[in-house]
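Colleague: I would like a close look at one part of this model. Please take a single residue and follow its surroundings.

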Amino acid sequence: MSKENSMGKLANKTALVTGSSRGIGRAAALRIAAEGAVVAVHYATNTDAAKQTVAAIEEQGGRAFAVQAELGVPGDVDTLFEGLTAGLREQTGETALDILVNNAGVMGGVGLEDITPEQFDRMIAVNAKAPLFLVQKVLPILRDGGRVINIGTGLLRYANPDEIAYSMSKGALDQISLHLARLLGPRGITVNTVAPGVTNTGSPIFDMPEVREVLANMTAFKRIAEPSDVGDVVAFLASDDARWITGTFVDASGGTLLGG
Ligand code: NAP
């Protein structure tokens with residue numbers, strides 16, 4: 001471990017960031033690892049992207065390993081837990097976990113007229129059910145003073161009818177923060193939601209200048225978020241500096257739709 005990492009805010013910690021092969025999860029994993037934690041880089045299908053994230057963490061002097069498990073299917077959490085504990089044992093000699101970031105999620109883009117029960121079930125399964133049962137599963141290995149960080153969405157505060165089902169699934173995820181904060185508080189474990197707005201995770205729509213302008217103008221800062229804008233907030237909540245913040249909703253949308 002580099003000198004910088006051994007002195008980082010998360011030195012001697014371990015973290016699982018679900019869906020960290022790409023996008024916001026990747027940025028959170030990179031920053032958490034830069035602060036010294038050993039990071040489990042979880043993904044579903046994109047092995048190359050997960051390997052690249054692990055390699056990027058190692059290049060910056062950190063430690064990480066990849067864990068594959070598709071969420072939203074039977075046995076998902078058990079598969080993830082097996083990979084997580086095997087990797088932690090190999091990297092640290094034990095299976096203790098300090099930080100869980102429930103980031104993996106599927107977007108909707110389907111309004112009331114077109115949404116099917118199958119699409120709805122899938123969003124609930126990946127975005128809400130898997131995180132709940134993942135918390136249940138890791139609780140025995142989650143150390144006192146730990147962190148659970150749920151990646152929600154700014155859509156819990158501003159309306160977009162095309163994302164009704166997606167927002168419902170994220171609303172359910174957000175409830176985990178409120179209620180488990182009370183349950184886990186006596187152990188010094190904080191549970192919070194981080195809510196990004198539109199974030200440039202590489203979709204081709206961000207290459208269209210007219211789309212970029214509209215999306216940028218929705219924020220107070222007049223630019224579209226980069227994944228690190230959100231990843232840095234996640235890393236802050238993971239740190240000891242955020243020990244007195246729990247059960248809350250942290251808007252990381254760059255002041256989206258504040259008006260004016
Ligand atoms: P992304 O770039 O599409 O990456 C998604 C990540 O989640 C990937 O690592 C992917 O793994 C993993 N994943 C997706 N479905 C999965 C499943 N069923 N099981 C296991 N892993 C799965 O995502 P993102 O845009 O960074 O979004 C990250 C989180 O932020 C999501 O919860 C999203 O709802 C939320 N969010 C995003 C935005 C935005 O504008 N981007 C805004 C608000 C909230 P593979 O690489 O293997 O596919």
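In which strand is arginine 147 found, and what lies around arginine 147?

Modeller: This is a predicted model. Arginine 147 sits in strand E5, which covers residues 142-151. The residue is buried, yet it has no salt bridge. Aspartate 240 is the nearest side chain of opposite charge, 4.4 Å away. A salt bridge needs a nitrogen-to-oxygen distance within 4 Å. The side chain of arginine 147 does reach a backbone oxygen, that of glycine 145, at 3.2 Å.

Now the contacts, leaving aside residues up to four places away in sequence. Arginine 147 touches Asp98, Ile99 and Leu100, among others. Its contacts also include Gly188, Ile189 and Thr190. Further ones among them are Leu237, Ala238, Ser239, Asp240, Ala242 and Arg243.

Salt bridges do occur elsewhere: a search of the whole structure finds 10. One of them joins aspartate 241 and lysine 9, at 2.6 Å from N to O. Aspartate 241 lies in the loop between helix H8 (227-238) and strand E7 (249-252), and lysine 9 in the loop between helix H1 (3-6) and strand E1 (14-17), so the pair ties together parts 232 residues apart in sequence. Aspartate 241 is partly exposed, with a relative accessible area of 45%. Lysine 9 is exposed, at 51%.

Another salt bridge pairs arginine 223 with aspartate 229, at 2.8 Å from N to O. Arginine 223 is partly exposed at 42% relative accessibility. Aspartate 229 is also partly exposed, at 30%. Arg31, Glu35 and Asp232 form a network of salt bridges.

Conventions. Residues are numbered from 1 along each chain as its sequence is written. This is a predicted model: local features need pLDDT of at least 70, side-chain atom pairs count only at pLDDT 80 or more; totals for chains, interfaces and linings use all residues. Side-chain values use heavy atoms; hydrogens and water are left out. Helices (H or I, at least four residues) and strands (E, at least two) are DSSP runs, numbered from the N terminus. Buried means under 20% relative accessible area, exposed over 50%, partly exposed in between (1.4 Å probe, protein chains only). Lys and Arg count as positive and Asp and Glu as negative; His and the chain ends are not counted. A polar contact is a pair of N or O atoms within 3.5 Å; within protein, one must be able to donate a hydrogen and the other to accept it, and residues adjacent in sequence count only if both atoms are side-chain atoms. Contact means heavy atoms within 4.5 Å.
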